Amino acid sequence: MSVDDVFKYFVGLISFLSVLTLFLMVLELFRYSLPVLSLKFIFGINWNPVAGSEEYGILPYILGTIVTSTIAMIVGVPISLGIAIYLSEMAPNFIRKTLSFVIELLAAVPSVIYGLWGLFIFRFWVKDFIEEPLSKYLGFLPIFEGEPFGLDILTAGLILAIMIIPTVSSVSREVLMAVPNSQREAVYSLGATKWEVIKVGVLSYAKSGLVGASILGLGRAVGETMAVTMVIGNAVGPSALPTSLFKAGQTMASLIANEFNEADPTTLHPNALIGVGLILFVLALTINLLAQVMVWRILKIKEGTVE
Amino acid sequence: MQKNVLIGIVAVIILVLGILLVGPYLQPKTETVTQTLATTITTATTVTTSTDTTILQTTSITVTQPTTTPKSIMLNGAGASFPYPLLSTMIVQYNKIYPHVMINYQSIGSGGGIRQHTNKTVDFAASDAPLNEDQRKAAPDTLHIPITIGCVVVAYNLPNVPKGLKLTGELVAEIFLGNVKKWNDPLIANLNPGIQLPDKEIIVVHRSDGSGTTFVFTSYLSMVSPEWNSKVGKGTAVQWPIGLGAAGNEGVAGVVRGTPYTIGYVELAYALQTKMNYAYLKNRDGYFVEPTLNSTAAAAEALSPSLPKGDESWEKVSLLNAPGKDSYPIVSFSYILVYKELSVLPKMDKEKAFELVKFLWWAIHDGQNYAPNLQYVPLPKSVISLNEETLRTITFNGQKMLG
């Protein structure tokens, strides 16, 4: 066996170890959550870890995760697309380079920093400038019900929107840059304006890649823990059901972060939390797979391997 | 050339892995020469009790100490975050006196402490709640050593209302159940004539993380309110009917201080350090008591004669709603948990066991001097003598650590 072979098998082994880790993770999550897994676990709304009257239902947290991520997508994706379009189609070269660099740096800010900023500064802005006017003029709508206090589902969704902007906009920019110039030239030659070129020549071409970029952002929003925990209000049980944007809620990730340390090992509480982890894992994995597939497709178009 | 570099890299990796794998077995077995020699340690302790009298207590204990040159010893503990500032101060001071003893305490929460204690991965644990029957079965022969006394205060943020709003336990339960919704509810107003209460919704703030503080607070509410007891119950994490959660004492303190019309519960030390406004609670004898170090100590003192022995079940022990004119009602012990027979711990040896017991002995005597400055309540004398009894029963392979 030559040295090259030794090296090959060695790095091969290391690569397989990471796959093995993923497999073992799923296995362990499944093993520990088995005692609580049932339909009642997924569709129940009560969460009572008190020994003797234990009951675990995670519907409010699944809904909380979905609602906060949806807000993040609704607010964050259009802004990110705007940034990406400006950077790839319109910005002069030196602005493009600096801005792209800064936006990518933003993606590296630890989430706890966003969380602290959210807790000490951002929540008051949300309360004073967004929630109170909404509550005053649209308070009759069920989704704007209740006294706003700034630590609620809306604030969590908005923090998430801010956090996914760097990811979504930098991936979208890559995707837009990958659109071949012949596309743009073709539309220009028909006498189109700048906006028409972007709409017809670029965006429609890059559609699936942009969807992929957004889903990548969704993946981050779904799994985000620290920042959400600090601003979402951390309600539990039926009171965590996201019936109004001005209510304290809870996501799956924040629930695990909140309760795992003190979960009593003689009860099913730790098992239930691991069960939440399993559901979250499955959700995040699906989202990421979907995004990967879509981004791959568009990047391959550039290389000319796909029609 | 490249091939040579590859060979080099692979060789280095194999070497490193090899050393890591085989290393532990290659270490020369150290011959531990243990000469038993009687050493006398004299501890002079100043204990401040609730009545502010100072008792000088001199205790002599004879210990069997394995002597060679002091080998450096590492002790690991984990658990409750409430006593963490006190414990870490004690650990730093202890290390100044005995530099060869290194103590490491991770404040991971009472539940985590109990878990590590049960799995025998730490030398001692700390918990705000005593072990219940199931937990005792999982970790048989665990000793409870009260190390300090905690006090939970009901803090609020009402513009223009200073500290001292009068509340009863039943009323606090009604507020946290969501039955009393407004600050100017007649139930609150009747207890506080002369205070202008706003017509605003009460925003309830609770802990979002599992916590010994929550356990103490919900135990008190369960005790005074049958509705709370049946609907919510007590635990380190419960299903809160209303309100928003914040992580940690500092989280609750932050939200309450930053948001008007909130009410929450925090440890006394946090309320004092962050200058929050807190309520005076009605105690069992009908007096409204301000939460202070003295009213906390009074509650512990009132109930200390009825405490069980260290190796008995402490599940029923409660300093809540203690009798006495000066007793504040939401008070509890914070415990150190250790095994009575230390050889059950896989990484324990005789020297470590001895150093552990010596540290605990110091912590319940001299260590208590550091409590008042950190807003902790020093242990009353009766509890210290109970702890002395408990510590004397600790053994390693059947051999007593303290004479």
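Predicted model: local features only at pLDDT ≥ 70, side-chain atom pairs only at ≥ 80, totals over all residues.
Of the 403 residues in chain B, 47% are buried.

We turn next to the interface. Here 31 residues of chain A are in contact with 37 residues of chain B. On the side of chain A that touches chain B, at least two residues come from each of α1 (3–33), β1 (47–48) and α10 (252–259) of chain A. The biggest contribution to this side is that of α1(A), which gives four residues. By residue class, the side of chain A that touches chain B is made up of 16 nonpolar, 11 polar and four charged residues.

Most residues other than glycine have a negative phi. Asn234(A), however, has a positive phi, near 50 degrees. This asparagine sits in the loop between α9 (226–231) and α10 of chain A. Asn234(A) counts as buried because 31 other C-beta atoms lie within 10 Å, where 20 or more are needed.

In chain B, Asn397(B) likewise is not a glycine and has a positive phi, about 50 degrees. Its setting is the loop between β15 (395–396) and β16 (399–400) of chain B. With 11 other C-beta atoms within 10 Å, Asn397(B) is exposed, since the cut-off for that class is 12 or fewer.

Terms used: Residues numbered from 1 in each chain as written. Chains lettered and ligands numbered in written order. Contact = placed C-beta atoms within 7 Å. Nonpolar A, V, L, I, M, F, W, Y, C, P; charged D, E, K, R; others polar.
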